[in-house]
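Take a walk through this structure, one part at a time. Keep the sequence and the 3D view side by side as you read.

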Amino acid sequence: MADQNFVVHDLSPEEVSKGIADGRYLLVDVREPNEVAAEAFPNAAVVALSAFDPAAIPDPQGKQVVFACRSGKRSVTASLAAQEGGLAYDKHLAGGILGWKAAGLPTRLGG
């Protein structure tokens, strides 16, 4: 598989927020349950990276999947893993939930 060139596209918090509002994006949070319990993205599916299985990602029903984490590193890892699994999920939230909050976007308590 090493000869394949997988690409992960950075999306800004504003792009992701608008895409979710427009019904174009399904946000998949790959942080661990304890992190999600402390603070969560509104309307995100949770598939922890520690037990990551691309098959556990909910059916996006025509939406594009966007991965998210705390700072933007694990979401890239998840995107690459999904692509290795044959899924065309090549987008992630640059800056993660830290960038999301810095952009003034809402979070919620508890996953």
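**A walk through the fold**

Start with alanine 88, which counts as exposed because its relative accessibility is 69%. Buried means under 20% relative accessible area, exposed means over 50%, and partly exposed is in between, for a 1.4 Å probe and protein chains only. Alanine 88 sits in the loop between helix 3 and strand 5. Helices (H or I, at least four residues) and strands (E, at least two) are DSSP runs, numbered from the N terminus. The C-alpha atoms of alanine 88 and alanine 56 are separated by 15 Å, and the two are 32 residues apart along the chain.

A word on the source. The model is predicted, so local features need pLDDT of at least 70 and side-chain atom pairs count only at pLDDT 80 or more, while totals for chains, interfaces and linings use all residues. Residues are numbered from 1 along each chain as its sequence is written, and side-chain values use heavy atoms, with hydrogens and water left out.

Now step back into helix 3, residues 74–84. Which of its residues are buried? They are Ser75, Ala78, Ser79, Ala82 and Gln83. These residues cover an arc of only 135° around the axis, which puts them on the same side of helix 3. The arc is that of the directions from the helix axis to the C-beta atoms. The buried residues of helix 3 pack against strand 4 (64–68) and strand 5 (91–93).

Look at glutamine 83 in this helix. Its relative accessibility is 11%, so glutamine 83 counts as buried. Beyond its neighbours within four places in sequence, glutamine 83 is in contact (heavy atoms within 4.5 Å) with Phe6, Val7, Val8, Tyr89 and Asp90. Just after helix 3 comes glycine 86, with a positive phi of about 95°.

Next, strand 2. Of its 5 residues, 5 are buried. Tyr25, Leu27 and Asp29 point one way, and Leu26 and Val28 point the other way. That follows a general rule: in a regular strand the side chains alternate between the two faces of the sheet. Strand 2 and strand 4 run parallel, joined by 5 bridges. Two strands pair if DSSP finds at least two bridges between them. Here tyrosine 25 stands opposite glutamine 64 in strand 4. Strand 2 also pairs with strand 3 in the parallel sense, over 2 bridges. In that pairing, aspartate 29 stands opposite valine 46.

Arginine 24 lies over the face of tyrosine 25, at 5.0 Å from the ring centre. The test is NZ of Lys or CZ of Arg within 6 Å of the ring centre and within 35 degrees of the ring normal.

Go on to arginine 31, in the loop between strand 2 (25–29) and helix 2 (33–38). Is arginine 31 buried or exposed? It counts as buried, because its relative accessibility is 4%. Its side chain makes a polar contact of 2.7 Å with the side chain of aspartate 29. A polar contact is a pair of N or O atoms within 3.5 Å; within protein, one must be able to donate a hydrogen and the other to accept it, and residues adjacent in sequence count only if both atoms are side-chain atoms. A polar atom of the arginine 31 side chain also lies 2.7 Å from the backbone oxygen of glutamate 39.

Most residues other than glycine have a negative phi, and most peptide bonds are trans. Asparagine 43 has a positive phi of about 65° and is exposed, with a relative accessible area of 64%. Glutamine 61 has a positive phi near 50° and counts as exposed, at 68% relative accessibility.

Finish with the aromatic rings. The whole structure holds 3 aromatic pairs. The ring centres of phenylalanine 41 and tryptophan 100 are 5.3 Å apart and the planes are at 85°, so the pair is edge-to-face. Rings of Phe, Tyr and Trp (its six-membered ring) pair if their centres lie within 6.5 Å; planes under 30 degrees apart count as stacked, over 60 as edge-to-face and the rest as tilted. Phenylalanine 41 and tryptophan 100 are both buried. Elsewhere, Phe52, Phe67 and Tyr89 form one aromatic cluster.
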